[in-house]
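User: I would like to learn how to read a model like this one. Please take me through it feature by feature.

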Amino acid sequence: MAETHLDRERTIRFFWDFSVRVPLWMSDGLVDEDPEWLRSHLGLSDELIADLIEWGSDMCYADEHEGVTMPPDMNERAERLVERLRAEIGDRYDIVHLPE
């Protein structure tokens, strides 16, 4: 069986950028935001996928609407998501958090 990019990749970075709903990045860019891809390729649970999408959507909403301030708990929520990612992914990937 041929080796794929995912077989060689060892690091997933967690950080938000404009219009990103699932803030996970690998060396070649943003990972596929499709829940089925996240389940089948990264082994993430439906609950974690939903929470990642919710966090990214909250970040986008605050960014896209003038006068809306960022909820004060966004960094704490990000830290909890990173810990859950580490627990679900195990030692298959290193998870690096680049805070906002």
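User: What share of the contacts in the protein with a separation of 6 or more comes from residues 24 or more positions apart?

Analyst: First, a caution: this is a predicted model. Here a contact means heavy atoms within 4.5 Å. Of the contacts with a separation of 6 or more, 54% are between residues 24 or more positions apart.

User: Which pattern does the protein follow along the sequence?

Analyst: Start with the element count: 4 helices and 4 strands. Then take them in sequence order. The pattern reads α-β-β-β-α-α-α-β.

User: What percentage of the residues is buried?

Analyst: The cut-off for buried is under 20% relative accessible area. Buried residues make up 35% of the 100 residues. For the surface, ask about total and composition. The accessible surface comes to about 6000 Å², and carbon and sulfur atoms hold 50% of it.

User: Is R77 buried or exposed?

Analyst: Apply the same cut-off: buried is under 20%. R77 has 14% relative accessibility, so R77 counts as buried. R77 sits in helix α4, residues 74–89.

User: Which residues is R77 in contact with, leaving aside neighbours within four places in sequence?

Analyst: They are E54, W55 and D58. With D58 there is also a polar contact: the two side chains are joined at 2.9 Å.

User: Where is R80, and how far is R80 from T11 in space?

Analyst: R80 is also in helix α4. R80 is partly exposed, with a relative accessible area of 47%. Keep sequence and space apart when reading a pair. R80 and T11 are 69 residues apart in sequence, and 18 Å apart in space, C-alpha to C-alpha.

User: What is the phi of S19?

Analyst: The general idea first. Most residues other than glycine have a negative phi. Phi of S19 is near 65°, a positive value. S19 lies in the loop between β1 (11–14) and β2 (24–26). With a relative accessible area of 53%, S19 is exposed.

Key: Residues numbered from 1 in each chain as written. Predicted model: local features only at pLDDT ≥ 70, side-chain atom pairs only at ≥ 80, totals over all residues. Heavy atoms only, no water. Helix = DSSP H or I, 4+ residues; strand = E, 2+ residues; numbered from the N terminus. Buried < 20%, exposed > 50% of the residue type's maximum accessible area, 1.4 Å probe, protein only. Areas by Shrake-Rupley, 256 points an atom, 1.4 Å probe, with all protein chains shown as cover. Polar contact = N/O pair within 3.5 Å; in protein donor to acceptor, adjacent residues only side chain to side chain.
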